[in-house]
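Here is a set of questions and answers on one protein chain. Have the sequence and the 3D view open as you read.

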Amino acid sequence: MVEIPLTIRLILAALFGLVFGSLVTALSYRQPRGLSIAKGRSLCPYCVHTLAASDLVPVFSWVLNKGLCRYCGANISWRYPAIEITTATLCVIGMALSTTPEKMWVLLAITPAIMTLAVIDIEHKYLPNGLVLILALLAGAMRWVSDGEVLAGLALASGVVILGLLVDAGYRACMVSEGLGLGNVKLMAVGALALPLEVFIFFLALTTLLSIFFVVVYKCMRPNYEFYFCSTILASFWFCLVAEGFIKTSFVVAFID
Ligand SMILES: [Zn+2]
């Protein structure tokens with residue numbers, strides 16, 4: 001098979017990320033509003049004018065139209081180019097750090113799924129079960145191409161779900177709070193399925209540290225803001241997926257030796 005040079009692969013990953021970033025913006029807008037992703041043309045949310053293909057080129061349409069609707073002049077949110085550029089950047093990093101072609105494909109597929117869930121969590125504070133299921137299937141695929149230990153991953157994920165449900169029930173029984181939040185439990189289970197045990201332990205530690213950091217930052221900046229952990233868990237999960245090899249050689253080996 002002909003080896004494609006890295007530069008070409010990175011450019012292709014950026015283009016892929018822009019196109020799928022556009023899908024992330026559409027899905028994260030439509031899903032919480034109960035709108036179908038398959039049916040209906042894209043419309044301007046303000047004047048409801050049907051958008052032409054030239055209005056839908058990721059990032060470029062927004063820049064060319066100076067962030068305004070071509071038909072009514074309304075401001076089009078920066079969320080669109082921001083999400084598209086972020087997805088493209090993550091796809092390029094994923095491509096650069098993939099250790100095998102199989103992992104590369106799964107990383108390219110799982111990155112837009114993680115982005116969609118993170119955007120919906122940040123904007124609407126919930127995780128749609130259908131998307132979590134897609135993420136879980138891709139997590140299983142990642143484990144399959146990583147070390148093949150899908151059954152071990154499923155066993156650990158089941159353990160995480162049972163433990164999470166028990167802790168959640170405990171919280172509710174003591175009426176300490178509204179509970180642990182089952183979205184968090186589902187994402188931790190997805191992590192347990194996708195990551196080898198030693199990387200999963202790193203994932204738990206990183207998620208805890210990031211969560212403490214963001215809670216402190218938010219408490220200082222916006223004391224009344226109710227912090228949700230799902231997007232932090234998703235960010236930690238994505239990092240552990242792309243940096244799996246680095247985590248194994250740098251941290252795990254350092255602790256074991
Ligand atoms: Zn308009």
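This is a predicted model: local features need pLDDT of at least 70, side-chain atom pairs count only at pLDDT 80 or more; totals for chains, interfaces and linings use all residues.

Residues are numbered from 1 along each chain as its sequence is written.

Q: How far apart do the C-alpha centres of domain 1 and domain 2 lie?
A: The domain assignment gives domain 1 (1-97) and domain 2 (128-257). Such bounds come from an automatic or database domain assignment. The C-alpha centres of these two domains are separated by 28 Å.

Q: How many charged residues has the side of domain 1 that touches domain 2?
A: Domain 1 gives five residues to the contact and domain 2 gives four; two residues are in contact if their C-beta atoms, placed from the backbone, lie within 7 Å. Ala, Val, Leu, Ile, Met, Phe, Trp, Tyr, Cys and Pro count as nonpolar, Asp, Glu, Lys and Arg as charged, and the others, Gly among them, as polar. On the domain 1 side, three are nonpolar, two are polar, and the charged ones number none: no charged residues.

Q: Which handedness has the crossing of H1 and H4?
A: Helices are DSSP runs (H or I, at least four residues), numbered from the N terminus. The axes of H1 and H4 (residues 101-124) come within 9 Å and cross at roughly 35°; axes are lines fitted to C-alpha atoms over the stretch in contact, with angles from 0 to 180 degrees between N-to-C directions. A crossing is left-handed if the near helix is turned anticlockwise from the far one by less than a right angle, and right-handed if clockwise. The crossing of H1 and H4 is right-handed.

Q: How many residues in the contact of H1 with H4 are nonpolar?
A: From H1, the contact includes Phe16, Phe20 and Leu23. From H4, it includes Leu108, Met115 and Glu123. The contact residues divide into one charged, two polar and, as nonpolar, 11.

Q: Is Val48 buried or exposed?
A: Val48 lies in the loop between H1 (6-30) and H2 (60-64). Its phi is positive, about 55°, although Val48 is not a glycine. A residue is buried if 20 or more other C-beta atoms, placed from the backbone, lie within 10 Å of its own, exposed if 12 or fewer, and partly exposed in between. Val48 has 9 such neighbours inside 10 Å, so it counts as exposed.

Q: What does Val59 count as, by its C-beta neighbours?
A: Val59 is also in the loop between H1 and H2. Val59 too has a positive phi, about 60°, without being a glycine. Because there are 16 C-beta neighbours inside 10 Å, Val59 counts as partly exposed.

Q: What separates the C-alpha atoms of Gly67 and Trp78?
A: Gly67 lies in the loop between H2 and H3 (79-97). Gly67 touches Trp62, Asn75, Ile76 and Trp78, not counting residues up to four places away in sequence. Gly67 and Trp78 are 11 residues apart along the chain, and their C-alpha atoms are separated by 7.3 Å.

Definitions and conventions:
Helices (H or I, at least four residues) and strands (E, at least two) are DSSP runs, numbered from the N terminus.
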